[in-house]
Amino acid sequence: MTPKTLLDLPDELLLQLPLYIQNIEDFKNASSACRHLRNVFADTLPKTILRLASRSAPTFFSPHPHFLVLAVARQIATWAVASGAGTERRVERLVEAFRDGMKGILSLALHDDVEGVGLTMDDVRRMYEARFTLINPLNTTIDAMVGKQWYAQPNFWNGGAEDAFTLYADVSSATFQLLVYGELFGSTMASYLQPSDERKPGLGIDTRIEFIKYCIPDMVCTPNTSRTDGFEVLPLGPYAEGAEGNPDGEKVEGNQTALAHLVGGAMFEGVSWKRVWRRVLIAAGAEDNEDGKWPKSWIERIQRTEFRNQRSTVEREMTDLVGGDDDVGNEASSWRFFLFWNALTQAGGLQTMDMVAQFKGREENHDAAVMKPEWKAHILRLRDQLLALNDKDEPGFKELGRRRKLKVSEAPNLGAELYWCCAGMWSGL
């Protein structure tokens with residue numbers, strides 16, 4: 001019998017309809033038309049929903065492509081390092097995607113052979129909520145540390161800002177870049193929280209550097225920089241010829257320098273960032289050592305606000321601080337603490353950044369941090385993982401540069417990696 005209405009078609013055919021729907025709005029409207037279509041469309045493939053969402057950007061998923069990249073970044077990383085044949089080629093494809101900027105990552109995610117990458121409607125709703133509960137507040141907090149609010153401090157250059165520096169940041173994109181870094185490389189960081197003989201393959205230093213070069217484009221990190229330290233940027237993606245005049249292209253701002261100033265890296269202390277996280281850790285019971293498991297040296301570092309050893313990624317001839325400060329030999333005091341710190345404050349992604357987003361501005365203008373039970377549980381679990389490691393589990397380093405070496409940890413260290421990429425401002429290394 002010939003079907004009389006659309007709903008008379010077999011469910012197998014109805015499930016093909018999303019392939020021909022224009023965008024996510026039409027998909028949502030069709031799903032709401034009746035209970036039967038809603039039930040059928042519930043089985044729509046995540047890759048199809050991601051394609052529909054990409055066609056709706058930037059109206060509903062702005063900034064584009066940053067928002068959708070953030071939504072699928074962790075899945076892309078999982079796909080890239082999946083065990084089995086082809087891992088090396090998958091990582092190569094990811095690096096190639098990085099070189100076209102954020103839009104390159106989204107383009108890769110849309111490929112049919114990039115398995116396990118897509119969105120469900122629950123994911124769409126979760127990201128929509130995150131915009132208001134996490135992303136926008138975090139954006140306001142970062143703006144107060146490296147953006148217009150920061151610059152608006154009275155007597156900025158004359159003592160009003162203790163961390164005064166010339167920055168040209170686009171805070172909106174910088175917020176997403178920080179979050180995407182955590183989502184892409186969070187699983188790599190997680191592997192370094194395990195004993196060395198249990199670690200799974202991750203995305204290494206060179207891959208992370210490629211992401212920072214092209215997906216956090218900076219005016220001091222261009223193919224025209226005259227660096228002689230082995231650092232190279234290709235005229236691709238945001239640095240391609242004519243890209244600057246493309247209204248749909250990614251702007252080359254000063255975000256590498258701004259984010260290095262924010263989180264701390266080599267010459268940057270990241271004072272304000274450390275202070276807000278200090279308040280988070282105090283709320284988690286670190287300063288009072290609530291459960292009796294916080295090492296004394298960790299508590300002292302947290303109390304000091306400035307962790308001078310954060311600058312120990314640069315050789316002694318640059319900072320006189322390589323190898324740590326006075327308590328470097330203290331059990332659980334040096335590399336364990338900084339791995340804990342970087343995992344929490346730099347590579348946490350959506351899982352941890354809502355802890356600091358709660359401040360919604362300069363942290364001294366707000367009450368003590370609110371500590372949700374799940375946040376505290378995460379912090380304590382992270383601490384315990386680091387304290388359980390042996391000295392042999394300390395991540396190695398890679399030396400970058402020719403004259404003055406920059407030692408960058410094999411575990412994700414956004415501050416040091418950012419500094420390496422934007423070091424052209426100081427004639428490189």
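Predicted model: local features only at pLDDT ≥ 70, side-chain atom pairs only at ≥ 80, totals over all residues.
Student: In the hairpin of strand 1 and strand 2, which residue takes a positive phi?
Tutor: That's Gly-401, with a positive phi near 100°. The hairpin has 5 residues between its strands. Strands here are DSSP runs of E with at least two residues, helices are runs of H or I with at least four, and both are numbered from the N terminus.

Student: What is the bridge partner of Glu-399?
Tutor: Lys-407 in strand 2. Phe-397, for its part, stands opposite Ser-409 in strand 2.

Student: How many helices does the protein have?
Tutor: 19 helices, plus 2 strands.

Student: Let's take helix 4. Why is it described as largely enclosed?
Tutor: Because 8 of its 11 residues are buried, helix 4 (residues 46–56) is largely enclosed by the rest of the structure. Buried means under 20% relative accessible area, exposed means over 50%, and partly exposed is in between (1.4 Å probe, protein chains only).

Student: Which residues of helix 4 are buried?
Tutor: Among them are Ile-49, Leu-50, Leu-52 and Ala-53, and Lys-47 is buried too. Their cover includes helix 2 (24–31), helix 5 (66–80), helix 7 (102–109) and helix 8 (121–146).

Student: And what share of the whole protein counts as buried?
Tutor: 53% of the 429 residues.

Student: New topic: at what angle do helix 10 and helix 11 pack?
Tutor: About 165°, with the axes of helix 10 (residues 171–191) and helix 11 (residues 205–215) 12 Å apart. That makes the pair roughly antiparallel, a label for angles over 145 degrees.

Student: Which residues meet there?
Tutor: On the helix 10 side they include Val-180, Tyr-181, Leu-184 and Phe-185, and on the helix 11 side they include Arg-208, Phe-211 and Ile-212. Contact means heavy atoms within 4.5 Å.

Student: Is Thr-352 buried or exposed?
Tutor: Thr-352 counts as buried, at 1% relative accessibility. You'll find Thr-352 in the loop between helix 16 (335–345) and helix 17 (353–357). Leaving aside residues up to four places away in sequence, Thr-352 touches Trp-277, Leu-344 and His-378.

Student: Where does Lys-293 lie?
Tutor: In the loop between helix 13 (271–283) and helix 14 (296–304). Lys-293 is partly exposed, with a relative accessible area of 48%.

Student: What does Lys-293 touch, not counting residues up to four places away in sequence?
Tutor: Arg-383, Asp-384 and Leu-387. Lys-293 and Leu-387 are 94 residues apart in sequence, yet 9.2 Å apart in space, C-alpha to C-alpha.

Conventions: Residues numbered from 1 in each chain as written. Heavy atoms only, no water. Pairing = 2+ DSSP bridges. Axes fitted to C-alpha atoms, helices over the stretch in contact; angles between N-to-C directions. Parallel < 35°, antiparallel > 145°, perpendicular 65-115°, else oblique.
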